[in-house]
Each structure stands twice: as structure tokens, then as C-alpha cells.
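Please read it with the structure open.

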Amino acid sequence: MLTVAGQQLYAQLARQGIQDRRVLQAIASLPREQFVDEAMAHKAWENSALPIGYGQTISQPYIVARMTEVLLVNRPERVLEVGTGSGFQTAVLAQLASHVYTIERIKGLRYQARRRLQRLDLHNVSARHGDGWEGWPSKAPFDAILVTAAARETPRALLTQLVDGGRMVIPVGQLQQSLWLYERRGDEFLRTELEAVKFVPLVQGELE
Ligand code: SAH
């Protein structure tokens, strides 16, 4: 059962071209107001990005839906997310994959996200404080990797942590950013540009 706000978001995302019903359902069924600061709760259901503290943002629902739909085409089981942020995208993935590994470089955000996920009984998530630029080598390989911050260039380490046939979705660029899909075929990677996006930067090598 969806709330009225959930039904509206579901319909809006479907109108914007999101077709996978599992993705629509996973997004619309989450209590989005729990993922933003209390002062922002009245705006939580707008189809926009919102501040979550520490200079970071929760992504717009449309972009969460788009990235998830592209990423999950092959029904991946083990998914790595770089940039936990609010945990909203993590909670979407946790409903659709067997296990989600997620990395966040800001300790406070990782802590808050973990609490939210526990409250929603999403226990198939491993969350770590660290630099996602290096991926999570000890848990690799992954069927799918989703990066939710914009990289200057695609981190090599992440590509090597994909299974053969695996997919990675990542925003790349600085002032001008594009969302890219990588598909691994043995030692080769097919690259497809999806659309223009605007993400906070993927920071390399320092933790907060
Ligand atoms: N998926 C999030 C979006 C958060 S914004 C959501 O749904 O809310 C991107 C996040 O990436 C920020 O929280 C930022 O701190 C984090 N980030 C940036 N560089 C990172 C890095 N190298 N490793 C891990 N996390 C990083």
C-alpha cells in the first residue's frame, strides 16, 4: 500500500519515463521524509534534490529512479553503492538486490543512514566509512556498482571490481557532468552516455 504522496510520486516518475514497476514501487513506498532534515520534511516529496547536512544532498527521486532502472536490468544480487549520503538510494537498492554494500566518506552521514535503514528493517546492507574511490576490494566482485557523486574521471578500481557482464552507473565531470553506463565484457568495457546530471563531487583520498 502506498501513501497518497507515494502514489503521486509513482505516477509522476512513470510520466517521466520510468517503466520498471519494481523500481517505481521501491521508491514510492519509502518514507522519504525520514531521509531529510526535519526542517526540510515538508519538501521531502518534491521531485528535487534537498540538503542533508555536511554540504551534501539527497538526490532527486527521478534521478534515483533512472539510475536504479539502468543498473538493475540484469537483476544483480550484490550491489556496491559509493556515496551513501542520506541512505535513500541504499534503501531503494536494498529492496531490489540480495545485498547492498555502501561506502560514505562522512562519518556523521554514514551513522544517520545506518539508523534509518535499521528503522526500516532493511538488514541486507553493509555500510562502511571510507573512500569509495577505491571500491571495497575485500567484498568484490559486484554484479553492479552505483556511484552517487560525480567523479573527475572514472575510478579504475571500481571497474576492476565488476563481475564479467556487470554494470556500473556513474556521473562523470565537474561543471558539466554526464551519467555514464559501463558494461563489462571480459577485459573490455562498453560505455554509454545516458544524460546530463548534477551531483556533488566524488572526493578522493580524504575522510570527514
Ligand atoms: N545516494 C545519496 C546521494 C548522496 S550525495 C542519497 O540518496 O542521499 C553523494 C554522497 O557521496 C555524499 O554523501 C558524499 O559525502 C559522498 N561521497 C563523496 N565522495 C565520496 C567518496 N570518495 N567515498 C565515499 N563517499 C563519497
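Is aspartate 121 buried or exposed? Aspartate 121 is exposed, with a relative accessible area of 57%. The cut-offs are under 20% relative accessible area for buried, over 50% for exposed and partly exposed in between, with a 1.4 Å probe and protein chains only.

1. Ground rules. This is a predicted model: local features need pLDDT of at least 70, side-chain atom pairs count only at pLDDT 80 or more, and totals for chains, interfaces and linings use all residues. Residues are numbered from 1 along each chain as its sequence is written, and side-chain values use heavy atoms, with hydrogens and water left out. Helices (H or I, at least four residues) and strands (E, at least two) are DSSP runs, numbered from the N terminus.

2. Backbone exceptions. Most residues other than glycine have a negative phi, and most peptide bonds are trans. Aspartate 121 has a positive phi, near 60 degrees, and is not a glycine. Its place is the loop between helix 5 and strand 5. Arginine 75 also deserves a look: its phi is positive, about 50 degrees, although it is not a glycine. Arginine 75 sits in the loop between helix 3 and strand 3 (78-82). It is exposed, with a relative accessible area of 56%. Then check the peptide bond from alanine 140 to proline 141, which is cis, with omega near 5 degrees. Proline 141 belongs to the loop between strand 5 and strand 6.

3. Seven strands make an open sheet of mixed pairing, in the order 5-4-3-6-7-8-9. Strand 5 (125-129) and strand 9 (188-197) are at the edges. Each has a single partner strand, so one side of each is left without a neighbour in the sheet. Neighbouring strands are turned by 15 degrees against each other on average, direction ignored. Here axes are lines fitted to C-alpha atoms, for helices over the stretch in contact, and angles run from 0 to 180 degrees between N-to-C directions. Two strands count as paired if DSSP finds at least two bridges between them.

4. Strands 7, 8 and 9. Strand 7 (residues 162-173) pairs with strand 8 (residues 177-185) in the antiparallel sense, over seven bridges. Arginine 167 has glutamate 183 of strand 8 as its bridge partner. Strand 8 and strand 9 are also antiparallel, over nine bridges. There, arginine 184 has phenylalanine 189 of strand 9 as its bridge partner. The hairpin of strand 8 and strand 9 has two residues between the strands, and glycine 186 takes a positive phi near 65 degrees.

5. Arginine 167, in strand 7, is buried, with a relative accessible area of 12%. Its side chain reaches the backbone oxygen of valine 70 at 2.6 Å. Such a polar contact is a pair of N or O atoms within 3.5 Å; within protein, one must be able to donate a hydrogen and the other to accept it, and residues adjacent in sequence count only if both atoms are side-chain atoms. Glutamine 177, in strand 8, is buried at a relative accessible area of 8%. The side chain of glutamine 177 reaches the backbone oxygen of glutamine 174 at 3.2 Å.

6. Why call helix 3 enclosed? Ten of the eleven residues of helix 3 (residues 61-71) are buried, so it is largely enclosed by the rest of the structure. The buried ones include Tyr62, Met67 and Glu69. A nonpolar core is a set of buried Ala, Val, Leu, Ile, Met, Phe, Trp, Tyr and Cys residues joined through side-chain atoms within 4.5 Å. The largest one has 44 residues, of which Leu13, Ile27, Leu71, Phe88, Val92 and Val169 touch the most other members. Helix 3 gives the most to this core, with seven residues. A second, separate core of 21 residues includes Tyr101, Leu159, Ile170 and Tyr182.

7. The ligand. 26 residues surround the ligand, the closest being Ser86, Glu104, Asp131, Gly132 and Val203. A residue counts as near if one of its heavy atoms lies within 4 Å. An N or O atom in the side chain of glutamate 81 is 3.4 Å from one nitrogen atom. A polar side-chain atom of threonine 148 lies 3.2 Å from a ligand nitrogen. Arginine 105 places a backbone N or O atom 3.3 Å from a ligand nitrogen.
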